[in-house]
Amino acid sequence: MNNFLWEGSREGSKDYLINWKLVSKSKAKGGLEIGNLVLKNSSLLGKWLWRFPIEKESLWHCVIKSKYGYQANGWDANLVVRGSSRSPWKDISAGLCDFSKCVQLVVGDGRIVRFWEDIWIGDKPFCEIFPRLFRLSRLYNASIDSLVSPSTIPVDWNFGFRRNLNDVEALEVSGLLGLIERVVLQDSKKDTKKWNLETSGAFTCTSFRNFLCNENPYPNFDPAKFVWESKVLPKVKFLGWLMAHGRLNTCEMLQRRRPNSCFSPHWCVLCKQNEESTSHIFLQCELASHLWQKLYWEAGLTWDF
Ligand SMILES: [Zn+2]
């Protein structure tokens with residue numbers, strides 16, 4: 001497939017007929033749904049990141065934990081940063097940044113989720129929303145339940161600030177309390193992680209792969225429906241797909257790619273008068289225009305170009 005989309009398979013320099021990244025996208029995004037094996041592999045490795053905090057009793061969890069230790073969040077193993085290490089966990093943990101964007105923490109008893117550093121309300125951690133209060137707090141990496149006086153309803157928060165607050169800081173605390181006023185810790189329910197990309201909240205490789213593929217989304221490819229759902233031969237659909245992307249090897253395109261190899265850049269092979277561009281040979285060329293008029297006349301439609 002890759003060779004087919006190259007201009008020839010001979011030795012030496014070659015031209016891309018069309019960008020391979022675009023080819024690997026879904027048809028709705030303008031590609032051929034070839035997929036990306038690197039991203040597929042990353043999505044499969046993500047399963048181990050999901051299972052690690054869940055399977056705390058398993059042998060493999062204990063091995064990884066003893067070798068690399070936990071991160072400060074208490075959920076994930078440390079990243080492998082040593083250059084010489086060839087550990088499989090190095091490849092797995094390399095995907096933690098993307099993986100973490102799809103995970104939401106669900107607070108139960110509040111014993112694992114960190115109050116300031118973790119995202120558990122909204123889409124930012126409180127240490128970023130209230131940096132001034134975070135610096136005043138003595139309780140870095142403190143779990144939510146450690147900031148709460150036991151058995152008080154409504155919840156009584158103790159932030160452990162190093163000094164008395166000024167008016168501005170007191171106002172910020174008021175805003176913070178407004179965000180967490182509905183929080184109720186449940187002793188019978190543990191803190192958990194939820195997979196944001198599935199309504200069930202459970203990780204799936206497919207959803208993670210789709211997320212990775214659309215990390216830098218292409219705009220929707222409007223002609224996709226017309227091209228792929230038309231009732232014509234596949235090779236005609238493929239031609240229409242290339243035409244819609246403006247990647248057909250017309251003389252005009254060849255002139256731009258390899259000026260020294262194109263012998264007749266300003267000569268249409270049909271009418272032998274105009275420059276051969278995509279719009280010319282399919283619409284504006286005299287012969288093409290006659291063909292369209294005939295087809296329209298046969299279908300009882302009006303030619304309006
Ligand atoms: Zn022509």
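This is a predicted model: local features need pLDDT of at least 70, side-chain atom pairs count only at pLDDT 80 or more; totals for chains, interfaces and linings use all residues.

User: Got it. Is Glu-181 buried or exposed?

Analyst: Glu-181 counts as exposed, because it has 10 C-beta neighbours inside 10 Å. The cut-off for exposed is 12 or fewer.

User: And how far is Glu-181 from Pro-154?

Analyst: Their C-alpha atoms are separated by 8.1 Å, while along the chain the two are 27 residues apart.

User: Let me zoom out. How many helices and strands are there in the protein?

Analyst: The secondary structure comes to 14 helices and two strands.

User: What share of the residues counts as buried?

Analyst: Of the 305 residues, 14% count as buried. As for contacts between residues at least 6 apart in sequence, 51% of them join residues at least 24 apart.

User: Back to α8, then. How many of its residues are buried?

Analyst: The number is zero out of 14, so α8 lies largely in the open. From its first C-alpha to its last, α8 reaches 20 Å, close to the 20 Å expected at 1.5 Å a residue.

User: What about α14, how covered is that helix?

Analyst: Hardly covered: among the 14 residues of α14, the count of buried ones is zero. Helix α14 takes in residues 286–299 and reaches 20 Å from first C-alpha to last, close to the expected 20 Å.

User: Which residue follows α14?

Analyst: Gly-300 follows α14, and its phi is positive, near 75°. Something along those lines turns up after α11 (residues 234–245), where Gly-246 follows with a positive phi near 70°. Helix α11 itself has twelve residues and reaches 17 Å, close to the 16 Å expected.

User: Which residues does Glu-117 touch?

Analyst: Leaving out residues up to four places away in sequence, Glu-117 touches Pro-125, Cys-127 and Asn-141. Glu-117 lies in the loop between β1 (103–106) and α6 (126–129), and Glu-117 is partly exposed, with 17 other C-beta atoms within 10 Å.

User: Where is Phe-161 placed?

Analyst: Phe-161 is in the loop between α7 and α8. It is partly exposed, with 15 other C-beta atoms within 10 Å. Not counting residues up to four places away in sequence, Phe-161 touches Leu-136 and Ser-137. Phe-161 and Arg-138 are 23 residues apart in sequence and 6.2 Å apart in space, C-alpha to C-alpha.

User: New topic, helix pairs. At what angle do α2 and α9 cross?

Analyst: The axes of α2 (residues 37–51) and α9 (residues 205–213) cross at roughly 135° and come within 8 Å. The two helices are therefore oblique to each other. Their crossing is right-handed.

User: Which residues make that contact?

Analyst: From α2 the list is Leu-39, Lys-40, Ser-42, Ser-43, Leu-44, Gly-46 and Lys-47, and from α9 it is Cys-205, Phe-208, Arg-209, Leu-212 and Cys-213. By class, this contact of α2 with α9 has six nonpolar, three polar and three charged residues.

User: Last one: which residues does Gln-71 touch?

Analyst: Apart from residues up to four places away in sequence, Gln-71 touches Asp-76, Ala-77 and Asn-78. You can find Gln-71 in the loop between α3 (59–68) and α4 (88–93). Gln-71 counts as partly exposed, with 13 C-beta neighbours inside 10 Å.

Definitions and conventions: Residues are numbered from 1 along each chain as its sequence is written. Axes are lines fitted to C-alpha atoms, for helices over the stretch in contact, and angles run from 0 to 180 degrees between N-to-C directions. Helices (H or I, at least four residues) and strands (E, at least two) are DSSP runs, numbered from the N terminus. Angles under 35 degrees count as roughly parallel, over 145 as roughly antiparallel, 65 to 115 as roughly perpendicular and the rest as oblique. A crossing is left-handed if the near helix is turned anticlockwise from the far one by less than a right angle, and right-handed if clockwise. Two residues are in contact if their C-beta atoms, placed from the backbone, lie within 7 Å. Ala, Val, Leu, Ile, Met, Phe, Trp, Tyr, Cys and Pro count as nonpolar, Asp, Glu, Lys and Arg as charged, and the others, Gly among them, as polar. A residue is buried if 20 or more other C-beta atoms lie within 10 Å of its own, exposed if 12 or fewer, and partly exposed in between; C-beta atoms are placed from the backbone. The expected span of a helix is 1.5 Å times one less than its number of residues.
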